[in-house]
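I will go from the whole chain down to single residues.

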Amino acid sequence: MNSREFGPDKPRFWTQITYDTEAEQAMLSRHFGSFRIRREQMFTMAAVEILTNGLGFGLSAELDMGVLPDGEPVPLMSYSFIEYVMGLDLSATDVLEIGGGQSTRFWAKRARKVDVIDHDVGWLKGDEIDQRPNVSVIEIQADGYVSALSSSTRKYAMVVLDCGANRLECAKAAIHLLADDGMFVLDNSDWYPNTAAVLREQDLIQVDFADFRPKHQYRCTTSIFLRPSFRPKPRSHQLPLPPIGGKDVAPNNAWDVPSR
């Protein structure tokens, strides 16, 4: 008989038990506190454990803010997208956020420079975001996004569109700010099919990340639109990184090295 734990790092509430003989099964079933579950229940519990504790979904709901289990702030975007960009080296990247907030802290920690355009900067109150040397916040009127974007001439390796305004018009006004090898991020892209179509028409390559996200009880899509010359720079020797709740088998994967 053997026991094997599941869940990211240190599981909190369950263990899988396997049996070598019927006698062991009968013995364990009589053991105080033991119980049996079906295979599909076991898989469901593993998925809930990874989402709730591995990705910080439970803590985000409790705190009413997007965080990982260690409390690090993350954007309210698809978890798969968050994990992807966490594997990128953005240290030489200038980011334009069209609509800021808690996500600004996430980008500021990773990027060289973050410029934020927003009509509601109340999220700055009580926070240190506006005091960070690599963050600039430009406050505009609610109807001033298109004008501010159209008049700007600076190029950005990453443009993140997640504002409380007409995203179709914002995308049209901001596309000229994307660098020749840049990435344009459109959150909630499944809600903005016309905006996504406009970005594709600019000869950008669309990649969709449909997933759960912090503070939301449903799945949604964050999409990236890449210039054909975009080349991701990994933060480490490996990209993608092992996913949260996944198996890190790469170091010992004999099928991933040249055959002798």
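**Ground rules**

I am working with a predicted model, in which local features need pLDDT of at least 70 and side-chain atom pairs count only at pLDDT 80 or more, while totals for chains, interfaces and linings use all residues. Residues are numbered from 1 along each chain as its sequence is written, and side-chain values use heavy atoms, with hydrogens and water left out.

**Overall make-up**

I looked up the secondary structure and found 8 helices and 9 strands. Helices (H or I, at least four residues) and strands (E, at least two) are DSSP runs, numbered from the N terminus. Of the 260 residues, 42% count as buried. Buried means under 20% relative accessible area, exposed means over 50%, and partly exposed lies in between, with a 1.4 Å probe and protein chains only. I then checked contacts, meaning heavy atoms within 4.5 Å. Among those between residues at least 6 apart in sequence, 54% join residues at least 24 apart.

**The sheet**

In what order do the strands of the open sheet run? I read 7 strands, in the order β5-β4-β3-β6-β7-β9-β8, with mixed pairing. Two strands pair if DSSP finds at least two bridges between them. β5 (135-139) and β8 are the edge strands, each pairing on one side only. From one strand to the next the twist averages 15°.

I followed two pairings. β6 and β7 are parallel, over 5 bridges. Here Val-159 stands opposite Phe-184 in β7. Helix α7 (residues 167-174) packs on the sheet and touches β3 (94-98), β6 and β7. The direction of α7 makes about 170° with that of β7. For such angles, axes are lines fitted to C-alpha atoms, for helices over the stretch in contact, and the angles run from 0 to 180 degrees between N-to-C directions.

β3 and β4 are also paired in the parallel sense, over 5 bridges. Val-95 has Val-114 in β4 as its bridge partner.

Is β4 enclosed or open? I found 6 of its 6 residues buried, so β4 is largely enclosed by the rest of the structure. Lys-113, Asp-115 and Ile-117 point one way from β4, and Val-114, Val-116 and Asp-118 point the other way.

**The cores**

Next I looked up nonpolar cores. Such a core is a set of buried Ala, Val, Leu, Ile, Met, Phe, Trp, Tyr and Cys residues joined through side-chain atoms within 4.5 Å. The largest has 34 residues. Phe-81, Tyr-84, Trp-107, Val-114, Met-158, Met-183 and Ile-224 touch the most other members. Among the elements that each supply at least two residues are α4 (79-86), α5 (102-110) and β9 (220-226). The largest share, 6 residues, comes from α4.

Not counting residues up to four places away in sequence, Met-183 touches Tyr-84, Leu-88, Met-158, Ile-224 and Phe-230, among others. Apart from this core lies another, of 23 residues, including Leu-96, Ile-117, Tyr-145 and Cys-163.

**The rings**

I counted 6 aromatic pairs. Rings of Phe, Tyr and Trp (its six-membered ring) pair if their centres lie within 6.5 Å; planes under 30 degrees apart count as stacked, over 60 as edge-to-face and the rest as tilted. For Phe-57 and Phe-212 the centres are 6.4 Å apart and the planes at 70°, so the pair is edge-to-face. Phe-57 lies in helix α3 (residues 57-63) and Phe-212 in the loop between β8 (205-211) and β9, so the pair ties together parts 155 residues apart in sequence. Phe-57 is buried at 19% relative accessible area, whereas Phe-212 is partly exposed at 29%.

Phe-81, Tyr-84, Phe-106, Trp-107 and Phe-209 form one aromatic cluster.

**Helix α8**

Helix α8 (residues 193-200) lies across β6, β7, β8 and β9. Its buried residues are Thr-195, Ala-196, Ala-197, Val-198 and Leu-199. They pack against β6, α7, β7, β8 and β9.

Arg-200 is also in α8, but partly exposed, at 42% relative accessible area. Leaving aside neighbours within four places in sequence, Arg-200 is in contact with Gln-206 and Phe-225.
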